[in-house]
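A student has asked how the labels used for a protein model are decided. The sequence and structure come next.

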Amino acid sequence: MPSPQPGRRPSAIASVLTLSNLKVRAIFLQILVVGCVIGIAWFLVTTTRHNLESRSIATGFGFLNRQAGIPIGEAILAYTPADTYGRALAVGLLNTAKVALLGIVFATICGTAIGIARLSKNWLLSRLAGFYVEITRDIPLLLQLVFWYSVLQGLPSAREALSPFPGAFLSNRGLYLPSINLGFLHGLALFALIVAGGLALRNALASPLARSKKFTFSSISAFILAAALFFSGGAPEVDIPALSGFNFRGGYYVSPEFFALLFGLVAYTAAFIAEIVRAGILAVRNGQWEAGFALGLSRPQILRKIVVPQALRIIVPPLTSQYVNLTKNSSLAVAIGYQETVSIANTTLNQTGQAIEVIALIMSAYLIVSLSISLVMNWYDHAIQLKAR
């Protein structure tokens with residue numbers, strides 16, 4: 001065989017630097033893609049700035065410090081139309097967070113109950129749950145929100161309001177509930193009570209071998225602390241709504257817009273969560289049920305102590321997507337008049353003309369809320385996964 005000519009033998013450095021090397025080619029392609037993205041972004045920014053300057057449109061976020069003049073019916077923060085656009089948008093973001101958090105809690109409870117009902121041995125219960133899931137998922141959410149809002153508008157007037165229980169009144173003006181004015185010590189007592197309930201629930205749901213006297217002692221101590229704080233703060237004031245003129249005064253008010261939005265989001269999302277819960281439970285092998293029956297456990301005990309803890313590892317990832325979807329779907333509130341981020345931002349855009357800035361704020365607001373939900377759920381998913389020994 002003829003020996004290769006020394007002049008044509010590639011050096012080690014030359015072979016590394018050629019595109020035939022997989023690592024070099026991968027780095028080159030990544031640099032090329034990043035360069036294209038930066039070029040496109042630079043082109044869009046410069047073109048936008050040129051077009052805005054040619055039309056004498058001011059840019060920047062200075063408008064956030066100007067007086068808004070936007071009336072907002074429901075606000076967690078203290079707000080008046082004399083406040084700034086920045087405060088108005090903050091109120092909208094808090095309204096979005098409020099309906100998202102409440103919707104997640106109630107949708108999880110309802111969806112879990114419906115998903116378990118679909119697996120029930122009771123024929124009628126399982127069929128009713130399946131009928132609810134199929135009907136609710138097939139109707140667009142926007143139509144459901146408009147439907148529930150129309151139903152609430154068809155309720156009697158305030159003078160003929162329905163009273164589901166003493167002190168509560170439901171009419172076309174909204175829902176009025178008795179409220180409790182809690183002081184600082186009462187708030188601490190409520191927090192201690194929530195902590196005690198969480199510790200007791202965690203210990204109750206644990207298997208007999210995993211139960212700890214430490215959690216029992218901690219929960220009892222938290223209950224005692226809650227009682228001590230509550231009684232040391234005195235009796236809290238109870239504000240009961242009363243009819244005054246054409247509407248009620250006092251108590252806690254839930255507007256028809258918020259009630260329709262929350263109810264529609266919960267009903268719609270619960271149908272998807274029910275299917276996730278059902279699929280997660282069915283993914284657990286039948287041998288787990290058989291082992292539980294062999295130990296003398298009842299079906300609810302097996303479900304609570306054996307099947308659900310294993311199913312959670314399958315349920316949590318798609319459940320996170322439903323939580324994020326619920327948060328994004330809350331933007332449909334603009335169709336029924338509930339003032340949240342999108343509604344207030346649209347009004348701000350129409351008054352100021354700062355379209356790019358306002359849309360960027362809307363995107364950032366939903367991005368922050370969605371990433372926060374994903375971060376918490378990813379942490380929980382990591383916590384419940386099996387750890388290698």
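This is a predicted model: local features need pLDDT of at least 70, side-chain atom pairs count only at pLDDT 80 or more; totals for chains, interfaces and linings use all residues.

Q: Why is the pair of Phe259 and Phe263 called stacked?
A: Rings of Phe, Tyr and Trp (its six-membered ring) pair if their centres lie within 6.5 Å; planes under 30 degrees apart count as stacked, over 60 as edge-to-face and the rest as tilted. The ring centres of Phe259 and Phe263 are 6.3 Å apart and their planes are at 15°, so this pair is stacked. Both rings also belong to one aromatic cluster with Phe147 and Trp148.

Q: What makes Tyr176 and Phe248 a tilted pair?
A: Their rings lie 5.5 Å apart, centre to centre, with 45° between the planes. The search of the whole structure finds nine aromatic pairs.

Q: Why does the pair of Tyr176 and Phe248 tie together parts that are apart in sequence?
A: Tyr176 is in strand S2 (residues 174-177) and Phe248 in strand S6 (residues 247-249), so the parts that they join are 72 residues apart in sequence. Helices (H or I, at least four residues) and strands (E, at least two) are DSSP runs, numbered from the N terminus.

Q: Why does Phe263 count as partly exposed?
A: Buried means under 20% relative accessible area, exposed over 50%, and partly exposed in between (1.4 Å probe, protein chains only). Phe263 has 39% relative accessibility, so it counts as partly exposed. Phe259, at 30%, counts as partly exposed too.

Q: How do you know whether Gln322 is buried or exposed?
A: Its relative accessible area is 14%, so Gln322 is buried. Gln322 is part of helix H10. Leaving out residues up to four places away in sequence, Gln322 touches Thr269, Phe272, Ile273 and Ile276 (contact means heavy atoms within 4.5 Å).

Q: How do you know that Lys98 lies over the face of Phe258?
A: A charge sits over a ring if NZ of Lys or CZ of Arg is within 6 Å of the ring centre and within 35 degrees of the ring normal. Lys98 is over the face of Phe258, 4.6 Å from the ring centre. Arg299 lies over the face of Trp289.

Q: What makes a space a cavity, and what makes one a pocket?
A: On a 1 Å grid over the protein atoms alone, a cavity is a set of points where a 1.4 Å probe fits but cannot get out; a pocket is an open set with protein on both sides within 12 Å along at least five of seven lines. Lining residues have an atom within 4 Å of a point. Grid points are joined across faces, edges and corners, and a volume is the space filled by probe spheres set on the points. The largest cavity has a volume of about 30 Å³, and the largest pocket holds about 990 Å³. This pocket has 30 lining residues, and H10 gives the largest share, 11 residues.

Notes: Residues are numbered from 1 along each chain as its sequence is written. Side-chain values use heavy atoms; hydrogens and water are left out.
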